[in-house]
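Visitor: I would like to learn how to read the surroundings of a ligand and the contact between two chains. Could you take me through one case?

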Amino acid sequence: MNSSAAARFTPHRLSPGPGGPAAARLLAGWYATGRPAGLTDHLRRYGPPPTGDRGSLPLVDAVAAAGLTGRGGAGFPTARKLGAVAARRGRCTVVVNAMESEPPSRKDQFLIAVAPHLVLDGAVLAATAVGADTVHVCLPRDRAAQYRRLSAAVEERRRCRPDPVRLRLHALPHTYVSSEATSLVRWLDGGPARPRGGPPRAHERGVGRRPTLVHNAETLAHLALIARYGPAWFRQAGTPDEPGTLLVTVSGAVRAPAVLEVALGTPLATVLDQAGGATQPLRAVLLGGFAGTWLPARHLRTPLTRHDLAPLGAAPGAGVLVAVSEALCGLTETARILAYLAAHSARQCGPCRLGLPAVAEDFTALATGRADAALLSRLRRRAGLLPDRGACRHPDGAARLAASALQAFADDVDHHLAHGPCPAARQPPQLPVPPATAPETWR
Amino acid sequence: MSRTRTLRVDRIACTGQGLCAELLPELIDLDEWGYPVLKDTTVPDRLRAHARRAVAACPVLALHTDDDRT
Ligand code: SF4
Ligand code: SF4
């Protein structure tokens, strides 16, 4: 990184509020004041966003030097997406993905509630950087209060500090796969909020056939701070390879379930401690989301980075961390999640439409002690055939969850196969899982 | 510069039943529901003609070969 170029940025003037965790950046205002930031609060804390004519680094370069990656789940380098869209000819469009499809995740909702202008700043800055004239903000339709509050924030900007681009809010059906980038593009073009597959990718041909930049809401909030304080500041938190902070939704068997902002590289156990610590001895955590991985409790010292989690087959994903106690049947919980994921298939691709329910049924049979002799090998084969066989990554996520459950809860598997359901399988389930019913509408 | 061809299935368009697997069994298997499983996405030179035939035979134009310049 070119440090002299980085130094041209306004120096660090963000200080975490009293009592707030030291890592807080996006949530600093919330920790300092305990209330959502209106435009005045926001400008007082962060100052106006740089306009780009102050001799600072071009935004794409600053974001590249900062090493920001997408916070929506896939973890793709943000600057590469920006660069790809900026390099296309013609007008482009920016889409803010605040669909938050992971049922245990609340981070985008929380961020937009307490720091809406940080997200909107990031979207406007990104739009200006790639030459877009419109920003579409995609919100889940079942979060009406969030929509109203964000509309008010947009209105406030229009009155007090008009943006150089148009900001438009949209309420989309809240399904598991409606958050996929191509689902948003299809919906914004008047179609169903179902993945489109590719090629062409959204950055080549997206909304209205224009090159389209789709970024998660949290990613854009980080970008808004990088634009102000520069890459060197951003890198003060996190690890050299995975800098910055991320929002984590911690739930399950912890004393104080919360959305927390932690530096990348924070051990998982420390994150749980920041959520008040475990209420009971833990058996495992679900990391990343329903499309994530079960990690046995013995791995809780692992730092929260892609690099450290990869050998365990895990990733930070959408920043979901669900702690579950020893009194839990991992197979029953996984079967419930798989049934939900199967019901939320967009039913466009054969391997997903047929494979997901089959894997979910096998898992249910295992969990309820109805397994035949061939079940385990059939289940492994079917789950093994899911990855890379859909127009989107939905089947890959379900396969990852299934495989990790068989590994993390291998004791349960043996017990269920030999003696039928374990005592824990008869207890009420621990995880909140939405009903396994197909979405009512895609439009 | 060499050119390799890679196989790709448009998963939304594909209706299963696996005509492609019949014409290109070296690279394509079928799952228990008749949907293609690509054993290898790289088309070796000796199978080019077979791959082209399979692509042409797909009734819904779901099978593609992409040109990757490497
Ligand atoms: S893989 Fe599944 S969820 Fe994704 S587009 Fe195909 S049917 Fe829909
Ligand atoms: S021939 Fe076409 S439609 Fe039939 S299985 Fe192959 S790719 Fe799918």
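Visitor: How many residues surround ligand 1, and which are the closest?

Guide: A residue counts as near a molecule if one of its heavy atoms lies within 4 Å of it, and here 13 residues surround ligand 1, the closest being Ala346(A), Gln348(A), Cys349(A), Cys352(A) and Cys392(A). This is a predicted model, in which local features need pLDDT of at least 70 and side-chain atom pairs count only at pLDDT 80 or more, while totals for chains, interfaces and linings use all residues. Residues are numbered from 1 along each chain as its sequence is written, chains are lettered from A and ligands numbered from 1 in the order in which they are written, and side-chain values use heavy atoms, with hydrogens and water left out.

Visitor: How do the residues of that shell divide by class?

Guide: Ala, Val, Leu, Ile, Met, Phe, Trp, Tyr, Cys and Pro count as nonpolar, Asp, Glu, Lys and Arg as charged, and the others, Gly among them, as polar; the shell around ligand 1 has eight nonpolar, four polar and one charged.

Visitor: What area do chain A and chain B bury between them?

Guide: The size of an interface is often given as the accessible area lost when the parts come together. With a 1.4 Å probe and the loss summed over both parts, chain A and chain B bury about 1100 Å², 61% of it on carbon and sulfur atoms.

Visitor: How many salt bridges are there between chain A and chain B?

Guide: A salt bridge requires a side-chain nitrogen of Lys or Arg within 4 Å of a carboxyl oxygen of Asp or Glu, and the count between chain A and chain B is three. Among them is Arg389(A) with Asp31(B), whose closest N and O atoms are 2.9 Å apart.

Terms used: Buried area = accessible area lost by both parts, 1.4 Å probe.
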